[in-house]
Amino acid sequence: MDVLVEAAVESLDDALAAVDGGADRLELCANLAVGGTTPERELISAVVASVNVPVITMIRPRGGSFVYSARELDRMRRDIEAAIQLGAAGVVLGVLDAEHCVDVEQTRMLAGVAGPEQVSFHRAIDRTPDLLAAADALISLGIARVLTSGGAATASEGLVALDALVSHVGERLVVVAGGGVRAHTVRGIVEGSGVSEVHARCEGSAARIAGIRDVLARM
């Protein structure tokens, strides 16, 4: 099975290590301790210039709630424009409304800046009350991918929901399994859900990504 490995990184050293370990795509963030925020523009430029795999950048002005003010949304719009101009292959974002559903209007606005086909919706979807309804909203907007643990703390714990989501969306939306993806869990996650992409954090060493890649190569 050909499974794409996306690595979350927050520095140039992490990015180089992840690629050395076999990552197919990088999600570049700042502040991964809070789930990731928008990286500095200088870092985006440096990483894009230094690796030979696609780099997608987190667009999130702060940690915490995924309900944003008008000022924060304007900042996100400008950050998307900058990331694409700096050579990012896409962006990662997530906007919810007061009921914790996908904010369709604001997501459409932000996705339109980059082009929906270059947008991943991140684990904000795991805060929504209905994953399938949220996925339908993303499909209606033309969003390319969604990163999710199936609404659970980890992808391993969310396998039933991930499997249902993959079956529901078919080829209309790429489901990327994230949350606790490690060498010892990735086989169960892929086989139990049918996802074609997985997401794992790289923390300064190629070992974690290489371990995941090794397991996938033997499946």
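On a 1 Å grid over the protein atoms alone, a cavity is a set of points where a 1.4 Å probe fits but cannot get out, and a pocket is an open set with protein on both sides within 12 Å along at least five of seven lines; lining residues have an atom within 4 Å of a point. Grid points are joined across faces, edges and corners, and a volume is the space filled by probe spheres set on the points.

The model is predicted, so local features need pLDDT of at least 70 and side-chain atom pairs count only at pLDDT 80 or more, while totals for chains, interfaces and linings use all residues. Residues are numbered from 1 along each chain as its sequence is written, and side-chain values use heavy atoms, with hydrogens and water left out.

Searching the whole structure turns up one cavity of 30 Å³ or more. The largest cavity holds about 40 Å³ of space, and its lining consists of Glu6, Arg25, Glu27, Val92, Ser120, Arg145, Leu147 and Val176. Strands S2 (25–28) and S6 (145–148) each give at least two residues to this lining; helices (H or I, at least four residues) and strands (E, at least two) are DSSP runs, numbered from the N terminus.

The largest pocket is open, and 24 residues line it, with Leu32, Gly35, Arg123, Leu147 and His199 nearest its centre. Strand S8 (residues 197–201) contributes the largest share of that lining, three residues.

The table sets out both linings by class, where Ala, Val, Leu, Ile, Met, Phe, Trp, Tyr, Cys and Pro count as nonpolar, Asp, Glu, Lys and Arg as charged, and the others, Gly among them, as polar.

| Space | Volume | Lining by class |
|---|---|---|
| Largest pocket | about 490 Å³ | nine nonpolar, seven polar and eight charged residues |
| Largest cavity | about 40 Å³ | three nonpolar, one polar and four charged residues |

Now to the packing, where buried means under 20% relative accessible area, exposed over 50%, and partly exposed in between (1.4 Å probe, protein chains only). In helix H2 (residues 41–50), Leu43, Ile44 and Val47 are buried. Viewed down the axis of H2, these residues fall within an arc of 100°, so they line one face of the helix; the arc is that of the directions from the helix axis to the C-beta atoms. Exposed Glu42 and Ala49 sit on the face turned away from the buried side of H2. The buried residues of H2 pack against helix H1 (12–20), S2, strand S3 (55–58) and helix H3 (70–85), with contact meaning heavy atoms within 4.5 Å.

Helix H4 (residues 104–114) has Thr107, Leu110, Ala111 and Ala114 as its buried residues. They cover an arc of only 100° around the axis, which puts them on the same side of H4. Glu105 and Gly112 are exposed on the face of H4 turned away from its buried side. The partners of the buried residues of H4 are H3, strand S4 (90–93), strand S5 (119–121) and helix H5 (131–141). Just after H4 comes Gly115, with a positive phi of about 100°.

**Cysteines**

The whole structure contains zero disulfides, a disulfide being a pair of cysteine sulfur atoms within 2.5 Å. For Cys29, the closest cysteine sulfur is that of Cys202, 12 Å away and too far for a bond. Cys29 is buried at a relative accessible area of 0%, whereas Cys101 is partly exposed at 33% relative accessibility.
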